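Hi everyone, thanks for coming. Please have a look at the chain on the screen, and then I'll walk you through a few of its contacts.

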Amino acid sequence: MTSSAFPRTIILPPPVCEQAAQHLEHAVRRAIDGAAAPWRAFRGADGDDFEIPVSVVEQAAGCLLVLAAESAQHLRPSALRALITVALHLRDAAEAVRRPTLPSTPW
């Protein structure tokens, strides 16, 4: 099979994309491995076009979780919570796309 049963892109809410881009910029500055590509993708999303490849969303979530772990002792609790919230939102969005749909017929 050459095609996947899963969508290749996710449409994310603009505020999530903007927050992810800001956090990913910090990850790039801290030289978190793999943060540059998702940062460019999220930064490049504009207007109503916040459609990001699933693999990039997954990569961004991982980079943000690494950033959170490395920054935990230096960030205010509210800033750390915001960072983790964005990372988990991205991870959950990617997992929801990859999760198979359940049949609607009752058991």
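Let's start with Leu64. Beyond its neighbours within four places in sequence, Leu64 is in contact (heavy atoms within 4.5 Å) with His23, Leu24, Leu83, Val86, Ala87 and Leu90. A quick word on the source: this is a predicted model, where local features need pLDDT of at least 70 and side-chain atom pairs count only at pLDDT 80 or more, while totals for chains, interfaces and linings use all residues. Residues are numbered from 1 along each chain as its sequence is written, and side-chain values use heavy atoms, leaving out hydrogens and water.

Now, the core. Leu64 is one of the residues that touch the most other members of the largest nonpolar core, which has 32 residues. Such a core is a set of buried Ala, Val, Leu, Ile, Met, Phe, Trp, Tyr and Cys residues joined through side-chain atoms within 4.5 Å; buried means under 20% relative accessible area, with a 1.4 Å probe and protein chains only. The elements giving two or more residues to this core are α1 (14–29), α2 (36–44), α3 (54–71) and α4 (77–98). Helices here are DSSP runs of H or I with at least four residues, numbered from the N terminus.

Which helix gives the most to this core? That's α3, with nine residues.

Last stop, Ala93, which lies in helix α4. Is Ala93 buried or exposed? Its relative accessibility is 17%, so Ala93 counts as buried. Ala93 and Ile10 are 83 residues apart in sequence, yet 7.6 Å apart in space, C-alpha to C-alpha. Setting aside neighbours within four places in sequence, Ala93 is in contact with Ile10 and Leu12.

Conventions: Buried means under 20% relative accessible area, exposed over 50%, partly exposed in between (1.4 Å probe, protein chains only).
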